[in-house]
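This short report looks at how parts of one chain come together. Please look over the sequence and the structure before reading on.

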Amino acid sequence: IGLRVALLSRYTPPKEKKAIFEKIATHKLDIIVGTHALLSPKIEFCDLGLVVVDEEQRFGVNQKEKLKALAVGVDVLTLS
């Protein structure tokens, strides 16, 4: 299909994380799957189109606020 996909979690090695952060910022990824690591202040999303949140109840107030800030003008799908 030609989609560029990456996985980001706390288990992602630092060198790979840095490369993923750069790809996110420069729109070189089509899909990024991840954990709370996606809420890192080091990430700058480029042209975010959809946010899917699984198990929203596991997110704290600060994390939900960060998601709201990211999701301005973006479609959001929340699963519980």
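## Leucine 8 and its surroundings

In this predicted model, leucine 8 touches a series of residues beyond its neighbours within four places in sequence, namely Lys17, Ile20, Phe21, Ile32, Val33, Gly34, Thr35, Ala37, Leu38 and Ile43.

The largest nonpolar core has nine residues, and leucine 8 belongs to it together with Ala6, Ile20, Phe21, Ile24, Leu29, Ala37, Leu38 and Ile43. The elements that supply two or more residues to this core are β1 and α1, and α1 gives the most, with three residues. There is also a second, separate core of six residues, among them Leu39, Val53, Leu67 and Val74.

In soluble globular proteins, nonpolar side chains tend to be buried together.

## Serine 9

Serine 9 lies in the loop between β1 and α1, and because buried means under 20% relative accessible area, serine 9 counts as buried at 11%. Apart from its neighbours within four places in sequence, serine 9 is in contact with Lys17, Thr35 and Ala37. From serine 9 to valine 61 the separation is 52 residues in sequence and 20 Å in space, taken from C-alpha to C-alpha.

## The salt bridge

The count of salt bridges comes to one, and this bridge is formed by arginine 4 and aspartate 30, whose closest N and O atoms are 3.0 Å apart. The pair links distant parts of the chain, 26 residues apart, since arginine 4 sits in the segment before β1 (5–8), while aspartate 30 sits in the loop between α1 (14–25) and β2 (31–34). Arginine 4 is partly exposed, with a relative accessible area of 36%, and aspartate 30 is likewise partly exposed, at 36% relative accessibility.

Notes: Residues are numbered from 1 along each chain as its sequence is written. This is a predicted model: local features need pLDDT of at least 70, side-chain atom pairs count only at pLDDT 80 or more; totals for chains, interfaces and linings use all residues. Side-chain values use heavy atoms; hydrogens and water are left out. A salt bridge is a side-chain nitrogen of Lys or Arg within 4 Å of a carboxyl oxygen of Asp or Glu. Helices (H or I, at least four residues) and strands (E, at least two) are DSSP runs, numbered from the N terminus. Buried means under 20% relative accessible area, exposed over 50%, partly exposed in between (1.4 Å probe, protein chains only). Contact means heavy atoms within 4.5 Å. A nonpolar core is a set of buried Ala, Val, Leu, Ile, Met, Phe, Trp, Tyr and Cys residues joined through side-chain atoms within 4.5 Å.
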